Amino acid sequence: MPSILITGASSGLGAEMARQFAALGHDLALCARRTDRLEELRDEITAAHPGVTVSVKALDVNDHDAVFEVFEQFREELGGLDRVVVNAGLGKGQPLGTGRFDANRETAQTNFIGALAQTEAAAAIFRAQGAGHLVMVSSFSALRGMPRNITTYAASKAAVAHLAEGFRADVHGTPIKVTVLYPGYIVSEMSGMSARTPLMTSTEKGVRAMVEAIEKEKRTARVPAWPWAPLGFVVKHVPVGVLRRMG
């Protein structure tokens, strides 16, 4: 079974992905800033699935040199990396021009430059191996420019989707695969006020849809498919006034 590296794995979607992939028998390389949570997750998974190898390491994706070092360490420990899930991200943000460039800059730095470092590190490993599967966790909000507090977040998630798609074009025709996920509202530490929406999906159900799309190596997937697949068409075409009210 494939070995899978997941960034931002200490909580939320990353931690639940680790649980569900372990249940499928995959060996795991898990990294995040909070090592105490990673160690608790490792102990939980190995107790439930004794045959699964779980390696954990501290990683701040804004420490770009460390990204390359940690990815390479995982590759050596596991004898290769079959799949890398670029999941680590930040949800801060304020409307543009309201004096909170600091918050918007932090989100852009983590979600794009941090993701670029992760993608570069994964791509180098995959090119050397001649195979691999890059999974980019984007967001439903990336489908169109979004208003208010998520403007920068949505832009950063659109950027990483294009980053992954560009890499897909580079490796077309090779055994290297690329999947871009566009999750809708799934309960996590980043959910915040959106957790009040009736469209919110539980962490377990939402991640199950993500894992299914990853296992099938889909090129792109809006997850869960209902209601986010049809809503994607709506969001792309509604007038900006309607979009503002939706935001």
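Is Ser139 buried or exposed? Keep that in mind for a moment. First, a caution: this is a predicted model.

Now the answer. Ser139 is buried, because its relative accessible area is 7% and the cut-off for buried is under 20%. Where does Ser139 lie? Ser139 sits in the loop between β5 and α5, and α5 covers 151-170. What does its side chain touch in polar terms? The side chain of Ser139 makes a polar contact with the side chain of Ser141, at 2.8 Å. Then look beyond the neighbours within four places in sequence. There, Ser139 is in contact with Tyr153, Lys157, Leu181, Tyr182 and Pro183.

Let's step back to the sheet. Strands of a sheet pair through backbone hydrogen bonds, either parallel or antiparallel. Here we have an open sheet of seven strands, and the pairing is parallel. The order is β3-β2-β1-β4-β5-β6-β7. β3, residues 54-58, and β7 stand at the edges. Each has a single partner strand, so one side of each is left without a neighbour in the sheet. From one strand to the next, the twist averages 15 degrees.

Take β1 next, residues 3-7. Three bridges join β1 to β4, residues 83-86, and the two run parallel. Find Ile6: its bridge partner in β4 is Val85.

Now β6 itself, residues 176-183. Seven of its eight residues are buried, so β6 is largely enclosed by the rest of the structure. Which strands pair with β6? On one hand, β5, residues 132-137, pairs with β6 in the parallel sense over six bridges. Met136 stands opposite Val180 in β6. On the other hand, four bridges join β6 to β7, residues 220-223, again parallel. Pro183 has Val223 in β7 as its bridge partner.

Stay at Val223. The peptide bond from Val223 to Pro224 is cis, with omega near -15 degrees. Pro224 is in the loop between β7 and α7, which covers 225-237. Now the loop between α6 (203-215) and β7: Glu217 lies there. Glu217 is not a glycine, yet it has a positive phi of about 55 degrees. Glu217 counts as partly exposed, at 38% relative accessibility.

Last topic: helix pairs. Two packed helices are described by the angle between their axes and the distance between the axes.

Start with α1, residues 12-23, and α2, residues 35-48. They pack at an angle of about 20 degrees, with axes 10 Å apart. That makes α1 roughly parallel to α2. The crossing is right-handed. Ala15, Ala18, Arg19 and Ala22 in α1 meet Leu41, Glu44 and Ile45 in α2.

Then α4, residues 101-129, with α5. Their axes come within 9 Å and cross at roughly 15 degrees. So α4 is roughly parallel to α5. α4 passes α5 in a right-handed crossing. Among the α4 residues that meet α5 are Asn104, Phe112 and Arg127. On the α5 side, the residues include Tyr153 and Lys157. Remember those two: Ser139 is in contact with both Tyr153 and Lys157.

How values were computed. Residues numbered from 1 in each chain as written. Predicted model: local features only at pLDDT ≥ 70, side-chain atom pairs only at ≥ 80, totals over all residues. Heavy atoms only, no water. Buried < 20%, exposed > 50% of the residue type's maximum accessible area, 1.4 Å probe, protein only. Pairing = 2+ DSSP bridges. Polar contact = N/O pair within 3.5 Å; in protein donor to acceptor, adjacent residues only side chain to side chain. Contact = heavy atoms within 4.5 Å. Axes fitted to C-alpha atoms, helices over the stretch in contact; angles between N-to-C directions. Parallel < 35°, antiparallel > 145°, perpendicular 65-115°, else oblique. Left-handed = near helix turned anticlockwise from the far one by under 90°.
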